[in-house]
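Subject: Structure for your review

Dear colleague,

Please find below the structure that I am handing over to you.

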Protein chains: 2
Amino acid sequence: MTSVTAVYERAGRSFTASALAPAAADRRFWPWWRQRSRSHRFDVTPIPFGELVDWRFDPATGNLGHTSGKFFTIEGLRVRSDHGPVREWDQPIIHQPEIGILGILVKEFDGVPHCLMQAKMEPGNINTLQLSPTVQATRSNYTRVHRGGRTRYLEHFVGEERGRVLVDVLQSEQGSWFYRKRNRNMVVEVTGDIPVHDDFRWLALRDVLDLLHTDNIVNMDARTVLSCMPFAAPGGDSGSRHAPPEFRAALARSLDPAAGSAHDLTELLSWFTGERTRHEMTARLIPAAGISGWRRTPHEIAHEEGKHFRVIGVRVEASSREVPSWRQPLLEPVGRGVIAFLAKRIDGVAHVLTHARVEPGFVDTVELGPTVQLLRENYTGLPQPRYLDDVLGADPSRIRFDALLSEEGGRFLDAQNRYLVVEVDEDFPAHCPQDYRWVTLGQLSGLLRHSHYLSVQARTLVACLHSLW
Amino acid sequence: MTSVTAVYERAGRSFTASALAPAAADRRFWPWWRQRSRSHRFDVTPIPFGELVDWRFDPATGNLGHTSGKFFTIEGLRVRSDHGPVREWDQPIIHQPEIGILGILVKEFDGVPHCLMQAKMEPGNINTLQLSPTVQATRSNYTRVHRGGRTRYLEHFVGEERGRVLVDVLQSEQGSWFYRKRNRNMVVEVTGDIPVHDDFRWLALRDVLDLLHTDNIVNMDARTVLSCMPFAAPGGDSGSRHAPPEFRAALARSLDPAAGSAHDLTELLSWFTGERTRHEMTARLIPAAGISGWRRTPHEIAHEEGKHFRVIGVRVEASSREVPSWRQPLLEPVGRGVIAFLAKRIDGVAHVLTHARVEPGFVDTVELGPTVQLLRENYTGLPQPRYLDDVLGADPSRIRFDALLSEEGGRFLDAQNRYLVVEVDEDFPAHCPQDYRWVTLGQLSGLLRHSHYLSVQARTLVACLHSLW
């Protein structure tokens, strides 16, 4: 018999202690990282669909899939909504019903929790190599465990021998590009000796969080797992160089339930329920051959006006003979996005302005997203998104976080977004439109114990906020 | 600025106080109820589909829908699963994307919270009239507010003038009969004077819970809202006549987080995530004309072997001229189900055995269901469901709850199930199969603040458990 939240809260205190420890990444991390980058050389070359060995368009539906039936398919989605500037559209969508594992292994060294991070190559990555969770495995990967192609360290996350689970929750991925995709976000603690392969490294949590400030190092899968970690309200100051002391203190209070919040949890949940109710959206999978507004050539599936994204094929070849080469489709967005939280101190407690976003691929219609999230090219001719000026026109002294971060390089090619946290004045209006709410970091952390509340972009920003206090 | 859980926890203490107050329903409730039953007389007559005015089968798809495009449609569902005795099937399914409101208005009288309950007729109800929430409105209903057909008391649940929201959460309905249906479960507190229409009555919470023990009085919509109400651990004993004192005390401890539980919340959430991951099920809407294993006649859509359910049309006529008559399709299950929780004291704390159920219409694959849930006729020739003998063969002295309760009479005809809570010996094995877990009532209550955790049948049993302590 155990008390209700013991494990989670104990982990929260421990992670916070780790985050308060001084950073050492500059000294220990970069030599390893440079060495890994030299060891892994890959060429990623666009190829026509006709050369995508093992992938083919179904003659009846036009869906693009692997001949094994595994991995994912590119299908069509027909969307009908009663809100927003565009209410009816078709689009290609990635359909991947199987649930993968994104897992970070945690172990204490000298009382400080460290994360076993991986230097992992993905074909769509900026810089090819990014810092990834210990385990990043699709179900196709890990059910193959006993037939070769073993995923390292997987045994610590599933099966009889696994470690002590601290976090284990399904979270969504891009609702504009994936149909109801969820991945299993896990944090597992181990105590025994773990052999460390060359591509892996134990890093203090503080170091991992600090690396978020360097462009395109910490990958999306690592960011989402970091966002789900519990953090108790820090008692002391980290001395972080990334944010001024007053903002750090306001963020620390934002993790403390006793410090209060603009809306209590009942109000917040009620608002969220109201937003889900208010939006009626139906999104049905249809044959890719039947979607309108898009055209397929031998080289790409692209929007007729060049908007949004295109789907292409690539060939991936490794410089070393050990790693096999392969071919696969990737989704390439047409440009760089801007993704930002406005942050504001309310009675000394940092709040961020979250937006109830409707995306057709969400499992349940609405998830909490950033204040601003846009692919700029998509908005030509449409109304200017709210709060965009507050983000892009912010005085540099008010920018608390600003880095280019990549989306999942196993599915997306060169998909990098500029992620920002901008602190507005305390006299910035607290009043906001119906689909926005000011929430604390502690409230977002609490919701992240459950599925379908925060979008993957909001989760990246939550991880970035944890790097600031 | 408010503290994080203030409103919810205060309401929990207040509801518990109400539940501990002595019951008075026998004295005050029944005369009103009998009078209401006499005032509302309805005839519900099966008719051929051809006489369903305003409903028609789409010639292209065979889907049955209302000519306005509103309400709901009967479509086809194609299910492919990797678990269970039957892994591939087609079936008709009710598709109703709009989200309705099920709301109970609460007000304190002499310090005791009362619920404004409604005597409401639904065509499929056993006994026609059942005790229903204050508001039971589809979105088609309530967006029509200003064009006549006003839903009474709706203004307390939506809009500027609404009361203080205590509960507001989307919950699923039958995943075998509905495609991704959710309703908004609300509890709203008011303090001002409320005119009480003849069909409505303020009842103490204890009285409403007590009425669960009478067959087919408290409707499904009322039960699900009751299950979402917060209850603090009771300090005293209710003196309830429904359960022996030791079981009442064990249930009271089951609401107290400090009393402990077989699994802490982190373990429980991890198990649940594992169950969602383990099951791969795809359920796609397809044209009803394309489903196999079912046949459509002028009178019904029925399974070829007479299993599961059938869809028919009915004509509803009121005895009084005030209420209009109408025609609609209803889903009629082929028999009565058995739905039960096994309960067991672990270190003096009552736990129930929940089952991670896969149903094709769930929004996210798996929800927590009862220990046993079956429509007996469906299991002919299939393996006997687990724990069925423990329920049906239980010594009468171990049965803590046993009543026939109806499912939603607006969609289902004569759909009544026998709901049971059976307490097993303390030496009943705590060990259980992978897809079952022993959980406390407090844990289930906590999960009910969020969507997509408990099935509607489990929620009915949670309401029944609250009637026992």
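The notes below cover the relation of the chains and then the aromatic rings.

This is a predicted model, in which local features need pLDDT of at least 70 and side-chain atom pairs count only at pLDDT 80 or more, while totals for chains, interfaces and linings use all residues. Residues are numbered from 1 along each chain as its sequence is written, chains are lettered from A and ligands numbered from 1 in the order in which they are written, and side-chain values use heavy atoms, leaving out hydrogens and water.

Over all chains, 34 aromatic pairs are found (rings of Phe, Tyr and Trp, the last by its six-membered ring, with centres within 6.5 Å; planes under 30 degrees apart are stacked, over 60 edge-to-face, the rest tilted). Phe29(A) and Trp30(A) form an edge-to-face pair, 4.8 Å centre to centre with 80° between the planes. Both residues, Phe29(A) and Trp30(A), are buried (under 20% relative accessible area, with exposed over 50% and partly exposed in between; 1.4 Å probe, protein chains only). Phe29(A), Trp30(A), Trp32(A) and Trp33(A) form one aromatic cluster.
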